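I opened my notebook to look up a few features of this chain. Here is what I wrote down.

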Amino acid sequence: MKRIYLIFIMSCLFLSISKAQTLIEQIERAYSALDSASYINKIVLSYAKSLEKNEEETYKLLYSPDSDSMKVAQWFNRADSMYLKYLQKHKILNEPAIRRFENEVKSGIPLYVLNLKLKDKQTLQVDTGRLAFNLFYFDKRCKGRLYVYCDDGEYSGLDSRYRTFSRRLGRNAPKVFRRIMRKQPKYLLFCPELEGMNTILYVINNEVFIYRIVEMEKYKLDDYMKNRTAIRNS
């Protein structure tokens, strides 16, 4: 009976190690495939597309009818040429904003922060979307001058700062980043499905750690995932 129990415990340990190694391997693959120059260009293109999408939604909101479906269909049939003229006009207006954004993201050396997603309640996996990396631009005190976020494979909103929901989070974030960067982590990671902006992850010696920013608490990722509910409610 003791032998069976020992085999069971060893199997659980092996499974846990295997999962951790799998995540590390995914992270390594994602970073090894990263072409920084090409990625920056994709970010700029996605930013331009986001402006275009906002213009399209604004146009429809302002000018499309809100009555029955037949009138809506007729309106869309007539609106194509109008919208093309509208879009061309706003493309010209957007060009300076796009150039400013491009200059910002190309004027420094960013940290490429890989997005992770929940695979199940206790396991994370790498985001495999077209744009899976966020860009963090830190000064010497780890106070970010620019943050560029990507969600679902595209540029996410007009971001320029660390998204905070409380004063403590904004105050503690540079402190936590300084502590982490002193350890010279191999990679920084982010998983919004855990605690949103309150957690940042990093890799040291092929181990993944997670830092809770408001609470200033550090955990090994496996320990955090196993006790996530208790930790968040403590």
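I began with Glu193. Apart from neighbours within four places in sequence, Glu193 is in contact with Leu116, Lys117, Leu118 and Arg228. Contact means heavy atoms within 4.5 Å.

I noted the ground rules next. This is a predicted model, so local features need pLDDT of at least 70, side-chain atom pairs count only at pLDDT 80 or more, and totals for chains, interfaces and linings use all residues. Residues are numbered from 1 along each chain as its sequence is written, and side-chain values use heavy atoms, with hydrogens and water left out.

**Entry: Glu193 again.** I looked up where it sits. Glu193 is in helix 5 (residues 192–195). Helices (H or I, at least four residues) and strands (E, at least two) are DSSP runs, numbered from the N terminus. How far apart in sequence and in space are Glu193 and Lys117? They are 76 residues apart in sequence and 6.7 Å apart in space, C-alpha to C-alpha. Glu193 counts as partly exposed because its relative accessibility is 41%. Buried means under 20% relative accessible area, exposed over 50%, and partly exposed in between (1.4 Å probe, protein chains only).

**Entry: the charged patch.** I found a patch of positive charge on the surface, with Arg141, Lys143 and Lys218 among its residues. Patches are made of residues with over 30% relative accessible area and no salt bridge; like charges are joined within 9 Å, and nonpolar side chains (Val, Leu, Ile, Met, Phe, Trp, Tyr) within 5 Å. A salt bridge is a side-chain nitrogen of Lys or Arg within 4 Å of a carboxyl oxygen of Asp or Glu. Which helix gives the largest share of the positive patch? Helix 4 (residues 167–182) does, with six residues. Arg182 belongs to the patch and lies in helix 4. Arg182 counts as exposed because its relative accessible area is 62%.

**Entry: positive phi.** I checked two backbone angles. Gln184 is not a glycine, yet has a positive phi of about 55 degrees. Gln184 lies in the loop between helix 4 and strand 7 (187–190). Gln184 is exposed because its relative accessible area is 69%. Asn206 also has a positive phi, near 60 degrees. Asn206 is in the loop between strand 8 (199–204) and strand 9 (207–212). Most residues other than glycine have a negative phi.

**Entry: the whole chain.** I ended with totals. The chain has seven helices and ten strands. Of its 234 residues, 39% count as buried.

How values were computed:
Accessible areas come from the Shrake-Rupley method with a 1.4 Å probe; for residues, only the protein chains shown count as cover. Lys and Arg count as positive and Asp and Glu as negative; His and the chain ends are not counted. The place of a charge is taken as NZ of Lys, CZ of Arg, CG of Asp or CD of Glu.
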